[in-house]
Amino acid sequence: MNLKKNLIRVFSLFALACLFLGSCTQKWVIQDPYETVNWNNHKQYKANFHAHTTVSDGRMNPHSVVDKYKELGYQILAITDHNAVTYPWTGFSSIEASKTSVKRMVDLPEEMPENLTYEDRNPNELGMIDIQGNEFSRHHHTGSYFNGHGGTKTEEESFQAIAAKGGIAILNHPGRYRGSYRREHLNFYSIDWYAEQFKKHDHLIGLEVYNQGDRYPEDRQTWDSILSVTMPERPVWGYSNDDMHFLEGLGYNWNMMILPGLTHEWVRHGMENGLCYFVHAPEGHDGPPVPVIQSIKVDDKRGTIEISALKCDSIKWITGGKVLASGSKIDLKDIKEDIHYIRAELYGKGKSVVGSQPFGLIKR
């Protein structure tokens, strides 16, 4: 009888040990977009990838746009006039204003703070990186970078043209096509449509999740819906841009690129690989300081992601548009749902929001 009891006790202990070891050996593979970032040595550079001038429908001349962003501490800027490549900066003086701006100067001079005489700017002297850019506006608005294509009629034509010229692209303000007030677009610009474009075109790297303040809150809803379909196989990076047309709309959204150096090559590499986080500051540069991410630590074995940040009041961890956890550290073992990505939002004074790129998740 004692032998039987001992065997039962030994078997029970063995079973418990197996369960314990099984839970310990189970782990997450976390795809960390910041894996190559050296948080101690890499620097953070402020960037805006969406701005308009009087070369299209903006109210400021190209050199004035550059000067203002420089004044606010931006080191990376893409001028993205509609279906026009306002580039290089050293050739501004040879570029003509749009017919829209010329007509507005006559009909609505109160809307035009400047004349239409352009001055050159040297980005090297300014310590800035000038990104060759353009916004295609004859279909779903698309930011085109690092190439001189002027724009085409359909998304597919544009994506192919950008690829042929070695460029990259970002889909602008998707909430504009997903909002309830734009129901005529919903059948075409479905989540499946977005997912298909990202899976088909490697050089389509992301989309705007904040635009012109927070003009389209559906931007982030659309992003989460896309990530729910594409992750972890296909990350889609989120960007926050001014979409600036007026001086009053300048400096409320930006991206912090985390790079070992400030060059065109590193900026492009950072854009392609998600080496950045995005910022939305409702009070602009006159408001309180926004959160600054100092480091992100990922531990696959423990299944944790931890963020260290300054000027941060709280952090939420989001997937599929739902908040799954709060705090600077998330332990994936506490998550009971079957999820394929997680992203963080950091909140600061003045209702500012800072967002990480998505972390892909694979449970082993």
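Q: In which sense do strands E7 and E8 pair, and over how many bridges?
A: In this predicted model, strand E7 covers residues 168-171. One of the facing pairs is Leu-171 opposite Leu-207 in E8. The pairing of E7 with E8 is parallel and runs over three bridges.

Q: Is His-173 buried or exposed?
A: His-173 sits in the loop between E7 and helix H6 (175-178). Its phi is positive, about 30°, although the residue is not a glycine. The relative accessibility of His-173 is 1%, and the cut-off for buried is under 20%, so His-173 is buried.

Q: Is Lys-351 buried or exposed?
A: Lys-351 lies in the loop between strand E17 (341-347) and strand E18 (353-355). This residue is not a glycine either, yet has a positive phi of about 60°. Its relative accessible area is 72%, and exposed means over 50%, so Lys-351 is exposed.

Q: Which residues touch the most other members of the largest nonpolar core?
A: The largest nonpolar core has 47 residues. Another core, of 25 residues, lies apart from it and includes Phe-136 and Trp-223. In the largest core, the residues that touch the most other members are Leu-77 and Trp-317.

Q: What covers the buried residues of H2?
A: Helix H2 takes in residues 62-71, and its buried residues are Pro-62, His-63, Ser-64, Val-65, Val-66 and Tyr-69. Leu-77 touches Val-65, Val-66 and Tyr-69, among others. The helix is followed by Gly-73, with a positive phi near 90°. The cover over the buried residues of H2 includes strand E2 (43-48), E3 and helix H4 (123-126).

Q: What is the relative accessible area of Thr-80?
A: Thr-80 lies in the loop between strand E3 (76-78) and helix H3 (99-107). Leaving aside neighbours within four places in sequence, its contacts include Phe-49, His-50, Gly-133 and Tyr-145. Thr-80 is buried, because its relative accessible area is 1%.

Q: What is the omega of the cis peptide bond from Met-231 to Pro-232?
A: Pro-232 is placed in the loop between helix H9 (218-230) and E9. Another cis bond runs from Tyr-87 to Pro-88, with omega near 0°, and Pro-88 lies in the loop between E3 and H3. For the bond from Met-231 to Pro-232, omega is near 5°.

Q: How many charged residues are in the lining of the largest cavity?
A: The structure holds one cavity of 30 Å³ or more, with about 30 Å³ of space in the largest. Its lining includes Pro-282, Glu-283, Gly-284, Lys-349 and Ser-352. By class there are four nonpolar and four polar residues, and the charged ones number two.

Q: What percentage of the residues of the chain count as buried?
A: The chain comes to 10 helices and 19 strands. Its C-alpha atoms fill a box of roughly 105 × 40 × 35 Å along the principal axes. Of the 364 residues, the share that counts as buried is 52%.

How values were computed:
Residues numbered from 1 in each chain as written. Predicted model: local features only at pLDDT ≥ 70, side-chain atom pairs only at ≥ 80, totals over all residues. Heavy atoms only, no water. 1 Å grid on protein atoms, 1.4 Å probe; cavity = no way out; pocket = protein on both sides within 12 Å on 5 of 7 lines; lining within 4 Å. Points joined across faces, edges and corners; volume = space filled by probe spheres on them. Nonpolar A, V, L, I, M, F, W, Y, C, P; charged D, E, K, R; others polar. Core = buried A, V, L, I, M, F, W, Y, C linked by side-chain atoms within 4.5 Å. Buried < 20%, exposed > 50% of the residue type's maximum accessible area, 1.4 Å probe, protein only. Contact = heavy atoms within 4.5 Å. Helix = DSSP H or I, 4+ residues; strand = E, 2+ residues; numbered from the N terminus. Pairing = 2+ DSSP bridges.
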